[in-house]
Amino acid sequence: MPVPEAEMQANAGDENRRRSRDPEQTRRDILDAAIAEFSEHGLSGARVDAIAARTRTTVRMIYYYFGSKEGLYRTVLEQSYGAMRKAEAGLALHGLAPADAIRRLVEFVFDYQEAHPEFTRLVSIENIHRARHLAVSETIQKQNATVMEALAAILERGQEQGVFRKDAAPLGLHMLMTAFCFFRVSNRYTLGTIFRDDPLSPALRAAHKEMAVASVLGYLQAGATAPAPHQGRQPQGARRKA
(Lines give C-alpha, C1' and ligand atoms only; values in the text may rest on other atoms or scores of the structure.)
Protein backbone atom coordinates (compact mmCIF):
# COMPACT_ATOMS: atom_id res chain seq x y z
CA MET A 1 0.00 0.00 0.00
CA PRO A 2 1.58 3.36 -1.00
CA VAL A 3 2.78 5.60 1.83
CA PRO A 4 0.81 8.90 1.92
CA GLU A 5 2.81 11.92 0.78
CA ALA A 6 2.21 13.70 4.10
CA GLU A 7 3.69 10.74 5.99
CA MET A 8 6.71 10.65 3.68
CA GLN A 9 7.32 14.34 4.29
CA ALA A 10 6.98 13.83 8.04
CA ASN A 11 9.48 10.97 7.96
CA ALA A 12 11.92 13.05 5.92
CA GLY A 13 11.51 15.87 8.41
CA ASP A 14 12.25 13.53 11.31
CA GLU A 15 15.36 12.28 9.52
CA ASN A 16 16.60 15.80 8.84
CA ARG A 17 16.03 16.81 12.47
CA ARG A 18 17.88 13.70 13.66
CA ARG A 19 20.82 14.52 11.42
CA SER A 20 20.87 18.14 12.58
CA ARG A 21 21.20 16.87 16.16
CA ASP A 22 24.02 14.46 15.25
CA PRO A 23 26.40 16.11 12.76
CA GLU A 24 29.11 13.50 13.34
CA GLN A 25 26.74 10.70 12.32
CA THR A 26 25.77 12.69 9.23
CA ARG A 27 29.44 13.06 8.35
CA ARG A 28 30.02 9.32 8.79
CA ASP A 29 26.97 8.49 6.66
CA ILE A 30 28.24 10.77 3.88
CA LEU A 31 31.68 9.13 4.01
CA ASP A 32 30.20 5.62 3.84
CA ALA A 33 28.14 6.60 0.80
CA ALA A 34 31.12 8.36 -0.78
CA ILE A 35 33.36 5.30 -0.36
CA ALA A 36 30.79 3.24 -2.28
CA GLU A 37 30.30 5.90 -4.96
CA PHE A 38 34.00 6.64 -5.57
CA SER A 39 35.02 2.97 -5.52
CA GLU A 40 32.30 2.15 -8.06
CA HIS A 41 32.72 5.11 -10.42
CA GLY A 42 36.12 6.67 -9.70
CA LEU A 43 36.74 10.33 -8.96
CA SER A 44 35.69 11.54 -12.40
CA GLY A 45 32.55 9.42 -12.68
CA ALA A 46 31.29 9.81 -9.11
CA ARG A 47 28.45 12.29 -8.59
CA VAL A 48 27.98 14.33 -5.45
CA ASP A 49 24.21 14.40 -5.96
CA ALA A 50 24.23 10.57 -6.02
CA ILE A 51 26.10 10.58 -2.69
CA ALA A 52 23.53 13.01 -1.31
CA ALA A 53 20.71 10.74 -2.49
CA ARG A 54 22.33 7.71 -0.80
CA THR A 55 22.32 9.58 2.53
CA ARG A 56 19.10 11.59 2.16
CA THR A 57 21.05 14.78 2.68
CA THR A 58 21.89 17.67 0.33
CA VAL A 59 24.79 18.56 -1.92
CA ARG A 60 25.10 21.81 0.02
CA MET A 61 25.52 19.85 3.26
CA ILE A 62 28.25 17.70 1.69
CA TYR A 63 30.15 20.79 0.56
CA TYR A 64 29.69 22.27 4.04
CA TYR A 65 31.47 19.28 5.60
CA PHE A 66 34.12 18.57 2.95
CA GLY A 67 34.54 21.73 0.91
CA SER A 68 34.48 20.18 -2.55
CA LYS A 69 34.19 16.90 -4.42
CA GLU A 70 37.98 16.49 -4.33
CA GLY A 71 38.00 17.31 -0.62
CA LEU A 72 35.44 14.56 -0.05
CA TYR A 73 37.47 12.13 -2.17
CA ARG A 74 40.65 12.91 -0.23
CA THR A 75 38.81 12.34 3.05
CA VAL A 76 37.56 9.00 1.69
CA LEU A 77 41.15 7.98 1.01
CA GLU A 78 42.18 9.04 4.50
CA GLN A 79 39.29 7.12 6.02
CA SER A 80 40.06 3.99 4.00
CA TYR A 81 43.78 3.93 4.71
CA GLY A 82 43.15 4.80 8.35
CA ALA A 83 40.71 1.92 8.82
CA MET A 84 43.25 -0.58 7.51
CA ARG A 85 46.09 0.80 9.62
CA LYS A 86 43.89 0.83 12.72
CA ALA A 87 43.02 -2.84 12.22
CA GLU A 88 46.68 -3.60 11.54
CA ALA A 89 47.73 -1.91 14.79
CA GLY A 90 45.63 -4.39 16.77
CA LEU A 91 47.68 -7.41 15.70
CA ALA A 92 50.14 -7.17 18.63
CA LEU A 93 53.06 -8.19 16.42
CA HIS A 94 55.74 -7.11 18.88
CA GLY A 95 54.94 -10.08 21.12
CA LEU A 96 55.53 -12.68 18.41
CA ALA A 97 58.66 -14.35 17.07
CA PRO A 98 59.75 -12.62 13.84
CA ALA A 99 58.53 -15.34 11.46
CA ASP A 100 55.24 -15.65 13.33
CA ALA A 101 54.78 -11.87 13.16
CA ILE A 102 55.31 -11.93 9.40
CA ARG A 103 52.85 -14.80 9.01
CA ARG A 104 50.19 -12.97 10.98
CA LEU A 105 50.75 -9.76 9.04
CA VAL A 106 50.57 -11.43 5.61
CA GLU A 107 47.44 -13.33 6.62
CA PHE A 108 45.90 -10.07 7.84
CA VAL A 109 46.64 -8.31 4.54
CA PHE A 110 45.23 -11.28 2.60
CA ASP A 111 42.00 -11.27 4.63
CA TYR A 112 41.61 -7.49 4.68
CA GLN A 113 42.04 -7.01 0.94
CA GLU A 114 39.46 -9.70 0.25
CA ALA A 115 36.99 -8.34 2.81
CA HIS A 116 37.35 -4.73 1.57
CA PRO A 117 37.44 -4.74 -2.23
CA GLU A 118 36.38 -1.09 -2.18
CA PHE A 119 39.78 -0.26 -0.64
CA THR A 120 41.58 -2.09 -3.43
CA ARG A 121 39.56 -0.21 -6.05
CA LEU A 122 40.23 3.15 -4.39
CA VAL A 123 43.99 2.49 -4.38
CA SER A 124 43.81 1.56 -8.08
CA ILE A 125 41.85 4.73 -8.83
CA GLU A 126 44.33 6.91 -6.96
CA ASN A 127 47.18 5.36 -8.95
CA ILE A 128 45.39 6.49 -12.12
CA HIS A 129 45.63 10.00 -10.66
CA ARG A 130 49.34 9.38 -9.89
CA ALA A 131 48.71 9.72 -6.14
CA ARG A 132 47.99 13.43 -6.52
CA HIS A 133 45.53 13.44 -3.63
CA LEU A 134 47.63 11.25 -1.36
CA ALA A 135 50.57 13.59 -1.88
CA VAL A 136 48.79 16.54 -0.29
CA SER A 137 47.38 14.60 2.67
CA GLU A 138 49.56 14.77 5.77
CA THR A 139 47.08 12.43 7.45
CA ILE A 140 47.79 9.61 4.98
CA GLN A 141 51.53 10.15 5.22
CA LYS A 142 51.36 9.72 9.01
CA GLN A 143 48.98 6.76 8.81
CA ASN A 144 51.20 4.80 6.47
CA ALA A 145 54.40 5.50 8.36
CA THR A 146 53.19 3.03 10.99
CA VAL A 147 53.38 -0.01 8.73
CA MET A 148 56.97 0.80 7.75
CA GLU A 149 57.89 1.20 11.42
CA ALA A 150 56.30 -2.15 12.27
CA LEU A 151 58.05 -3.93 9.41
CA ALA A 152 61.39 -2.34 10.28
CA ALA A 153 61.07 -3.54 13.87
CA ILE A 154 60.19 -7.11 12.83
CA LEU A 155 63.02 -7.20 10.30
CA GLU A 156 65.52 -5.91 12.83
CA ARG A 157 64.57 -8.60 15.34
CA GLY A 158 64.71 -11.31 12.71
CA GLN A 159 68.08 -10.15 11.39
CA GLU A 160 69.55 -9.92 14.88
CA GLN A 161 68.41 -13.49 15.55
CA GLY A 162 69.86 -14.67 12.25
CA VAL A 163 66.53 -15.95 10.92
CA PHE A 164 66.03 -13.24 8.25
CA ARG A 165 68.38 -12.24 5.48
CA LYS A 166 70.43 -9.11 6.17
CA ASP A 167 69.58 -7.27 2.95
CA ALA A 168 65.78 -7.27 3.41
CA ALA A 169 64.31 -3.77 3.68
CA PRO A 170 60.85 -2.59 4.84
CA LEU A 171 59.65 -1.12 1.54
CA GLY A 172 60.55 -4.17 -0.53
CA LEU A 173 59.00 -6.44 2.09
CA HIS A 174 55.81 -4.37 2.11
CA MET A 175 55.55 -4.60 -1.67
CA LEU A 176 56.15 -8.35 -1.66
CA MET A 177 53.61 -9.12 1.04
CA THR A 178 50.95 -6.86 -0.48
CA ALA A 179 51.30 -7.65 -4.18
CA PHE A 180 49.62 -11.07 -4.40
CA CYS A 181 46.92 -10.17 -1.87
CA PHE A 182 46.08 -7.01 -3.83
CA PHE A 183 46.30 -8.53 -7.31
CA ARG A 184 43.85 -11.37 -6.69
CA VAL A 185 41.24 -8.78 -5.70
CA SER A 186 42.06 -5.96 -8.13
CA ASN A 187 42.23 -8.31 -11.14
CA ARG A 188 39.54 -10.73 -10.04
CA TYR A 189 37.26 -10.18 -13.01
CA THR A 190 39.87 -10.14 -15.76
CA LEU A 191 41.55 -13.25 -14.34
CA GLY A 192 38.23 -14.99 -13.90
CA THR A 193 37.14 -14.17 -17.44
CA ILE A 194 40.40 -15.16 -19.11
CA PHE A 195 41.11 -18.31 -17.13
CA ARG A 196 37.51 -19.17 -16.21
CA ASP A 197 38.37 -19.65 -12.56
CA ASP A 198 37.49 -17.06 -9.92
CA PRO A 199 40.69 -16.28 -7.95
CA LEU A 200 38.50 -15.53 -4.93
CA SER A 201 36.83 -18.93 -5.07
CA PRO A 202 36.52 -20.51 -1.59
CA ALA A 203 38.11 -23.65 -3.02
CA LEU A 204 41.33 -21.73 -3.73
CA ARG A 205 41.43 -19.54 -0.67
CA ALA A 206 43.44 -21.67 1.77
CA ALA A 207 46.06 -22.59 -0.83
CA HIS A 208 46.42 -18.98 -1.99
CA LYS A 209 46.72 -17.70 1.57
CA GLU A 210 49.48 -20.20 2.34
CA MET A 211 51.17 -19.32 -0.96
CA ALA A 212 51.30 -15.66 0.05
CA VAL A 213 52.82 -16.49 3.45
CA ALA A 214 55.30 -19.01 2.04
CA SER A 215 56.47 -16.57 -0.63
CA VAL A 216 57.31 -13.88 1.91
CA LEU A 217 58.89 -16.20 4.47
CA GLY A 218 60.79 -18.03 1.74
CA TYR A 219 62.36 -14.75 0.66
CA LEU A 220 63.16 -13.58 4.18
CA GLN A 221 64.65 -16.87 5.34
CA ALA A 222 66.76 -17.52 2.24
CA GLY A 223 70.39 -16.86 3.13
CA ALA A 224 69.66 -16.35 6.83
CA THR A 225 72.68 -16.96 9.07
CA ALA A 226 70.89 -19.27 11.50
CA PRO A 227 68.60 -22.19 10.68
CA ALA A 228 64.98 -21.11 11.05
CA PRO A 229 62.60 -23.53 12.79
CA HIS A 230 59.55 -24.62 10.85
CA GLN A 231 56.85 -21.97 11.22
CA GLY A 232 53.11 -22.37 10.92
CA ARG A 233 51.18 -25.01 9.04
CA GLN A 234 52.82 -27.61 6.85
CA PRO A 235 52.04 -26.90 3.16
CA GLN A 236 49.32 -29.13 1.77
CA GLY A 237 50.72 -32.29 0.24
CA ALA A 238 54.07 -32.09 2.04
CA ARG A 239 55.30 -35.31 3.62
CA ARG A 240 57.71 -36.02 6.40
CA LYS A 241 60.85 -37.88 5.45
CA ALA A 242 61.22 -41.31 6.97
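The largest pocket holds about 540 Å³ of space. A pocket here is an open set of points on a 1 Å grid over the protein atoms alone, where a 1.4 Å probe fits, with protein on both sides within 12 Å along at least five of seven lines; lining residues have an atom within 4 Å of a point. Points are joined across faces, edges and corners, and the volume is the space filled by probe spheres set on them. This is a predicted model, with local features needing pLDDT of at least 70 and side-chain atom pairs pLDDT 80 or more, while totals for chains, interfaces and linings use all residues. Residues are numbered from 1 along each chain as its sequence is written, and side-chain values use heavy atoms, leaving out hydrogens and water.

Back to that pocket: 25 residues line it, and Y81, R85, V123, N144 and H174 sit closest to its centre. At least two lining residues come from each of α5 (69-89), α6 (98-115), α7 (117-128), α9 (138-160) and α10 (170-186), with α10 giving the largest share, 7 residues. Helices are DSSP runs of H or I, at least four residues, numbered from the N terminus. The lining splits into 16 nonpolar, 6 polar and 3 charged residues (nonpolar: Ala, Val, Leu, Ile, Met, Phe, Trp, Tyr, Cys and Pro; charged: Asp, Glu, Lys and Arg; polar: the others, Gly among them).

The second largest pocket comes in at about 200 Å³. Around it are R85, E88, A89, A92, L93, H94, L105, Q143, T146, V147 and A150. Two or more of these come from each of α5 and α9, and α9 contributes the most, 4 residues. By class, this lining has 6 nonpolar, 3 polar and 2 charged residues.
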